[in-house]
Amino acid sequence: MTDAALYFTGPETVEVRETSVGPPDADELLVDTRASAISAGTELLVYRDRTPEGLPADETLDALDGDLSYPLQYGYAASGVVSEVGADVDPDWVGQSVFSFVPHQTSFRTTPDSVVALPPGMTPAVGSLLPSVETATNIVLDAAPRLGERVVVFGAGVIGLCVTRLLAAFPLESLVVVDPIERRRALAASFGADRTTTPAALDDADAGLVGSGAALDDAGSGARLHDADLAVELSGQPSALDDALGVVGYDARIVVGSWYGTKREPIGLGGRFHRDRIDIVSSQVSTISPELRGRWDRDRRMDAALERLDRIPADELITHRIPFERAAEAYELLDSAADDTVQVILEYS
């Protein structure tokens with residue numbers, strides 16, 4: 001069988017090219033890919049050529065070497081089945097469903113310590129969502145929500161929805177999700193948000209209260225949106241930082257999980273930001289916060305994410321399943337029809 005791999009070859013251009021994977025080395029597995037998830041945030045930045053020049057693809061993932069200049073393979077959410085093992089590998093691996101941080105391609109070689117064994121019965125599509133749940137786990141660890149807090153999440157894409165699901169398990173006073181797309185707000189409510197609203201409503205003069213004027217949320221609640229303890233920015237839009245500054249209170253904190261690439265917006269840091277001692281911190285899944293490294297490592301975080309993967313309603317997240325050979329259609333869809341998509345999965349025959 002001829003193998004194939006997805007390449008980003010220029011702005012808004014992807015190609016499926018033949019490649020040669022070959023048999024596994026003595027210490028390797030050969031995995032036939034069954035599904036891979038497209039990261040609409042990160043991969044669309046690559047697709048649209050909005051990544052900083054010379055930035056490494058990902059220094060923590062062996063499968064993503066080099067930088068983000070064209071042409072390149074990219075992607076990090078593949079699940080499949082082990083079809084062959086090398087001479088030094090336990091043959092019990094054959095037939096095991098696994099996940100690995102590798103780009104989109106029909107098969108790949110890797111070592112046993114570079115895969116995550118998936119539970120029996122887990123579908124490949126659900127397995128490919130593991131990086132999203134791991135990222136959400138990292139964000140919640142960094143956000144450190146506390147009992148009785150008022151929390152606002154900006155962005156109800158895949159990561160925002162996964163974060164919402166995890167936060168909904170905490171004994172918060174309120175959990176509000178902000179997103180411009182009605183379908184995503186409805187999903188956020190089903191994932192556990194107490195209320196939802198839109199960025200436009202926050203700009204309304206009366207938006208201090210969700211439930212007043214244009215800021216009326218889905219539940220018609222009067223809960224405050226001007227004194228939140230914690231805001232989590234996951235919209236991918238730098239302008240959302242201004243919105244986050246507008247809804248948090250004194251000594252509050254804003255956790256930024258978005259990667260903006262080369263996108264820029266003026267942010268109003270000359271007002272309340274300084275006088276109200278608001279903290280803005282980044283959360284990025286490649287590393288674990290220094291404050292947590294004494295107790296947490298990547299293996300523990302992955303175990304926590306895998307345990308919670310089954311609690312994410314994947315069928316609600318996955319809006320499109322597209323054959324790998326038609327991958328170009330998947331990126332065109334994500335680029336042009338954001339209102340209609342949430343998670344797009346590539347499926348392999």
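Author: Contact here means heavy atoms within 4.5 Å. The model is a predicted one.

Reader: Which residues does Asp179 touch, leaving out those up to four places away in sequence?
Author: Asp179 sits in the loop between β9 (174–178) and α5 (182–190). Beyond four places in sequence, its contacts are Gly155, Ala156, Gly157, Arg184, Arg185, Thr197, Thr198 and Pro199.

Reader: Which side chain of opposite charge is nearest to Asp179, and how far away is it?
Author: A salt bridge requires a side-chain nitrogen of Lys or Arg within 4 Å of a carboxyl oxygen. Asp179 is buried and has no salt bridge. A polar atom of its side chain does lie 2.9 Å from the backbone nitrogen of Ile181. The nearest side chain of opposite charge is that of Arg184, at 4.9 Å.

Reader: Is Arg264 buried or exposed?
Author: Arg264 is in the loop between β12 (248–256) and α8 (272–275). A polar atom of its side chain lies 3.2 Å from the backbone oxygen of Gly261. The cut-off for exposed is over 50% relative accessible area. Arg264 has 64% relative accessibility, so it counts as exposed.

Reader: How many residues of helix α4 are buried?
Author: Helix α4 covers residues 158–167. Its buried residues include Val158, Leu161, Val163 and Leu167.

Reader: Which residues have the most contacts inside the largest nonpolar core?
Author: The largest nonpolar core has 68 residues. A second, separate core has 19 residues, among them Val176, Leu202, Leu241 and Ile254. In the largest core, the residues with the most contacts are Phe8 and Leu317.

Reader: How are the rings of Phe8 and Tyr331 arranged?
Author: Five aromatic pairs are found in the whole structure. In the pair of Phe8 and Tyr331, the ring centres are 5.3 Å apart and the planes stand at 80°, so the arrangement is edge-to-face. Phe8 belongs to strand β1 and Tyr331 to helix α11, so the pair ties together parts 323 residues apart in sequence. Ring pairs also join these two residues with Tyr47 in a cluster, and the Phe8–Tyr331 pair itself is edge-to-face.

Reader: Are the rings of Phe324 and Tyr348 stacked or edge-to-face?
Author: Phe324 is buried at 3% relative accessible area, and Tyr348 is buried at 8%. Planes under 30 degrees apart count as stacked. With ring centres 4.6 Å apart and planes at 20°, the pair of Phe324 and Tyr348 is therefore stacked.

Terms used:
Residues numbered from 1 in each chain as written. Predicted model: local features only at pLDDT ≥ 70, side-chain atom pairs only at ≥ 80, totals over all residues. Heavy atoms only, no water. Core = buried A, V, L, I, M, F, W, Y, C linked by side-chain atoms within 4.5 Å. Buried < 20%, exposed > 50% of the residue type's maximum accessible area, 1.4 Å probe, protein only. Helix = DSSP H or I, 4+ residues; strand = E, 2+ residues; numbered from the N terminus. Lys, Arg positive; Asp, Glu negative; His and termini not counted. Polar contact = N/O pair within 3.5 Å; in protein donor to acceptor, adjacent residues only side chain to side chain. Phe/Tyr/Trp six-rings, centres within 6.5 Å; stacked < 30°, edge-to-face > 60°.
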